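Please read these notes with the structure open beside them. They are numbered so that each point can be checked in turn.

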Amino acid sequence: MGNAAERFFAGYYREPDPQLASEALADFFARPNAAANPAWRMFVVAARHDPAVADAFSALAAQRPELAAAVQSVLTAANNKGLPDPLVMPIADPGDLDVLWSAFLVSGADAPVQRILDVLNGDDRTLTALDRWVRAPGLLSFFSRPGQLKRLHAAGLATDVTQPRLGNAMDVDLHVWKLMSNGWQVRTELPFALPDDHVMHLEIKGAACWSLQSNALQHPAVARLYATLPNPERLPRFVP
């Protein structure tokens, strides 16, 4: 079963015991540089989710003075009224997905996973940009168009205006993110500008898809929700 920390992070909702959470916290903060590991935020979520967990953490601080400062940092964060609610906070970067996964792993509830699924149900912004470029190339782009089309096709991107989605079977955002993760230089390979917020959109959407597929292998609830996605055949596989 592993030590307490491994069991806690694998899914506290499976074994919701405040004593387990306390032992996991002790195991976690006994490791070097634990405070720099963002995984500690899952303890914050657990303490907010169940007052009995917060009480167990307070008892740990009293019993283990060497851990008191670290435990108090968790409790202070848990008691912060300004801490965003994972179920309504904006998803501004991939780190926000980690907060949602923490909420699921603590509670086992569907709602945090559904928010991550909603990321995949959002707009395919790269397809929209590609479609705009294909249909209305600028003057400079017009002269270099044959070479640009060749590079796009070599990267697996279709540009057939007679076909739905230009003939792209995959979600183009996710296809491009997968290329990026393999070193593809998106800003030089694509024939249109990609502002920073578009790149962040790709990173969030890619992280959402990868994490859903990964967690679906370990959590039946995630697999069940993932199966409800419309057009799942458009999603590249990021895990076996």
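1. Gln213 is in contact with Tyr226, Leu235, Pro236, Arg237, Phe238 and Val239, leaving aside its neighbours within four places in sequence. The model in which these contacts are found is a predicted one.

2. What does the side chain of Gln213 reach at 2.9 Å? It is the backbone oxygen of Pro236. A polar contact of 3.0 Å also joins the side chain of Gln213 to that of Tyr226. Both Tyr226 and Pro236 are among the residues in contact with Gln213.

3. As a general background, nonpolar side chains in soluble globular proteins tend to be buried together.

4. Phe57 belongs to helix H4 (residues 51-63). Not counting residues up to four places away in sequence, Phe57 touches Ala21, Ser22, Leu25, Phe43, Ala47, Val71, Val74 and Leu75. Among these, Ala21, Ser22 and Leu25 are buried residues of H2.

5. A search of the whole structure finds eleven aromatic pairs. In one of them, Phe28 and Phe29 have ring centres 5.2 Å apart and planes at 85°, so the pair is edge-to-face. Phe28 counts as buried because its relative accessibility is 2%. Phe29, with a relative accessible area of 15%, is buried too.

6. How are the rings of Phe43 and Phe57 arranged? Their centres are 6.2 Å apart and their planes stand at 70°, so this pair is edge-to-face. The pair links distant parts of the chain, with Phe43 in helix H3 (residues 41-49) and Phe57 in helix H4, 14 residues apart. Both Phe43 and Phe57 are buried. Ring pairs join Phe8, Phe9, Tyr12, Phe28, Phe29, Phe43 and Phe57 into a cluster.

7. Helix H2 (residues 18-29) can be checked for length. Its twelve residues should span 16 Å at 1.5 Å a residue, and the end C-alpha atoms are 17 Å apart, which agrees. The buried residues in H2 are Leu20, Ala21, Ser22, Ala24, Leu25, Ala26, Phe28 and Phe29. Their cover includes helix H1 (4-11), H3, H4 and helix H5 (68-78). At the N-terminal end, H2 is capped by Asp17, with a side-chain oxygen 2.9 Å from the backbone nitrogen of Gln19.

8. Two residues call for a look at their backbone angles. Most residues other than glycine have a negative phi. Asn33, although not a glycine, has a positive phi of about 60°. Asn33 is found in the loop between H2 and H3. Is Asn33 buried or exposed? Its relative accessible area is 68%, so Asn33 is exposed. Arg165 is not a glycine either, and has a positive phi of about 55°. The place of Arg165 is in the loop between helix H10 (145-154) and H11.

9. Trp177 sits in helix H11 (residues 172-181). Trp177 counts as buried because its relative accessibility is 17%, and the cut-off for buried is under 20%. Leaving aside neighbours within four places in sequence, Trp177 is in contact with Leu202, Glu203, Gly206, Ala207, Trp210 and Phe238. Phe238 is also among the contacts of Gln213. The C-alpha atoms of Trp177 and Ile204 are separated by 9.6 Å, and the two residues are 27 residues apart along the chain.

10. Thr126 is in helix H8 (residues 125-135). With a relative accessible area of 1%, Thr126 is buried. Which side chain makes a polar contact with the side chain of Thr126? It is that of His198, at 3.0 Å. Not counting residues up to four places away in sequence, Thr126 touches Val172, Asp173, Val176, Leu190, Phe192, His198 and Leu202. Leu202 is one of the residues in contact with Trp177 as well.

11. Arg145 lies over the face of Trp133, at 4.8 Å from the ring centre.

Technical notes:
Residues numbered from 1 in each chain as written. Predicted model: local features only at pLDDT ≥ 70, side-chain atom pairs only at ≥ 80, totals over all residues. Heavy atoms only, no water. Phe/Tyr/Trp six-rings, centres within 6.5 Å; stacked < 30°, edge-to-face > 60°. Buried < 20%, exposed > 50% of the residue type's maximum accessible area, 1.4 Å probe, protein only. Helix = DSSP H or I, 4+ residues; strand = E, 2+ residues; numbered from the N terminus. Lys NZ or Arg CZ within 6 Å of the ring centre and 35° of its normal. Expected span 1.5 Å × (residues − 1). Contact = heavy atoms within 4.5 Å. Polar contact = N/O pair within 3.5 Å; in protein donor to acceptor, adjacent residues only side chain to side chain.
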